[in-house]
Amino acid sequence: MKRVLLILPMLLLIGCSKETHNKEEKVLPDGKQISRAETRKALESKEYDVLIIGGGAAGAGAALDAANRGASVALIERSDFASGTSSKSTKLAHGGVRYLEKAVLNLDKKQYDLVLEALSERANLFKMAPYLVKPLEIVTPLYHYWEIPYYWIGLKVYDWIAGAGSLHRSEYVSAKTIAKKIPSIKRTSLLGGVSYYDGQFNDTRLNIALVQSAVALGGKALNYAEVKNLIKDSETKQLIGVVVKDHITKDEFEIRSKVVINAAGPSVDVIRQMDDSQARPLINASSGTHLILSRDLMPSNTGVLVPKTKDGRILFLLPWEGKTLVGTTDNKTSVSYDVFPSSSDLDYLLSYVKEQLNVPIDRSDIQSAWTGLRPLVSDPSAKNTQSIVRNHYIEKSSSGLITISGGKWTTFRKMSEDVVDIAMEPSERKTSQLRLVGTRGFHSDLVDDLEIERDIAEHLASSYGGLAKTVLSYGNNERLVRGHPIIVSEVHYAIDRELAMKPLDVLSRRTRLATLDARAAKKALPKVVAIMQEKLHWTSLQAAYEMQEALAELSKYIPSEEGM
């Protein structure tokens, strides 16, 4: 308790200054139809100012930042945009209450700075993509009297750091109020709790919006384009481009660029060691598992934070897209392209659902589960991955390769700005002043304006913003699968305007069906494959291959069907 109070003078000394920009806001135009063939041709045809490897949050954000400064930009991704870490988050735009607690208990300024930066960036995110981000109340149930002032003070400090960007003031809530807000909560020994607000967002839709926005500013973006080698000047040994394997056309080509940024997430060391075989590994990977349960466990507007599990983690039970999201674990692991939930992780998460909620629950209630890798930057002194500070790290090699790693989704914009500042001259053009593709035409009455079933309208407005009307213009508003608001027109839109090339691009990342209900995604798969076969001119043999590959991937989202 004493340590909690110690932070107040520390904060007063440090201050809470935030970036302020008086530049006029810039709303980007709607996304346009993208031809993969034309993009590929353009990538081969000239030298770019900046080439970015990695199409996740950091890479897409860097592409947007560089394009906003007027640079010619190329963005490539070995798989699909947001197919790795960036699609497997807890879906929170947050400062990090656990980082604040660590800052207090350990008097750790790095942890405090991370909270300060993240809360500032949370406010930017609400402005940049208002249709993709919303406030979410989170309640921390408490069972010991000392916890009430401890967490109340901590969250008041959290509010204070957020300043004008605070979403709502935190407050004490009685046990009776918690039970009213969350009827399924266990009431035994419940004394009350603390309520606070953070942001919730759709991670893959935001990632796609960043890519679309970079393209709207003149950038070029290509998925399924894997770097196989780096090209260096024979005399200066400086990096001048990359050799790329196109996994769609199955051939290789070159992209030339004045600057190359390595934003490959957990795979940054692969690129770094192409540049220098002796490069010391940066990544200390941690795996995080989430699962999705049925919609009736949590109310639509309130989540639960378990502030400390038996092994010292924190855990969230959150409403998300009409379901209940539970996560996350935090386990040290090795980097792999093929990770999926372990039996022990699923049992661990389910045990805390049973502990918090008065509902019968078992493996059969899991509708989807997934595991992602956190690309934490190595810290030899860290006891475990939970204690590693989530700051981002940037380095520039002797050949000119610029690598960015670490960080978190909420701070992607600042990460991108910092790495582009190394690649180019710092600029007054800040992406915090941009309003992403989809913001134009988004307003409070959009759901009513769409004149379609309410749940479909809400889904389209919160996924596409003002572009929901463009999606509907495809004319097939039939549900892709019963019980979900996703419509067939979204498949057409994803292929034409969002570079969806494979079934899981549509089912997992352009829509979230696979991550919400993997069995429903299996039912929708034949229809998606049929549409893609027609639009992408697949042969019957290729369509069959894509079907089997997608089924194999979907099985990883359904642990009970893997016999675990």
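Why is helix H15 (residues 488–497) described as largely enclosed by the rest of the structure? Ten of its ten residues are buried, so the rest of the structure largely encloses it; buried here means under 20% relative accessible area, with exposed over 50% and partly exposed in between, using a 1.4 Å probe and protein chains only.

Before I continue, a word on the basis. This is a predicted model, in which local features need pLDDT of at least 70 and side-chain atom pairs count only at pLDDT 80 or more, while totals for chains, interfaces and linings use all residues. Residues are numbered from 1 along each chain as its sequence is written, and side-chain values use heavy atoms, with hydrogens and water left out. Helices (H or I, at least four residues) and strands (E, at least two) are DSSP runs, numbered from the N terminus.

The buried residues of H15 include Glu490, His492, Asp496 and Arg497. They pack against helices H8, H13, H14, H16 and H18, where contact means heavy atoms within 4.5 Å. After H15 comes Leu499, with a positive phi near 55 degrees.

I turn now to the nonpolar cores, sets of buried Ala, Val, Leu, Ile, Met, Phe, Trp, Tyr and Cys residues joined through side-chain atoms within 4.5 Å. The largest has 62 residues, of which Ile52, Leu206, Ile261 and Leu460 touch the most other members. Helix H3 (residues 57–68) supplies the largest share, eight residues. A second, separate core of 34 residues includes Leu480 and Ala543.

Finally, Ser184 lies in the loop between helix H7 and strand E7. At 10% relative accessibility, Ser184 counts as buried.
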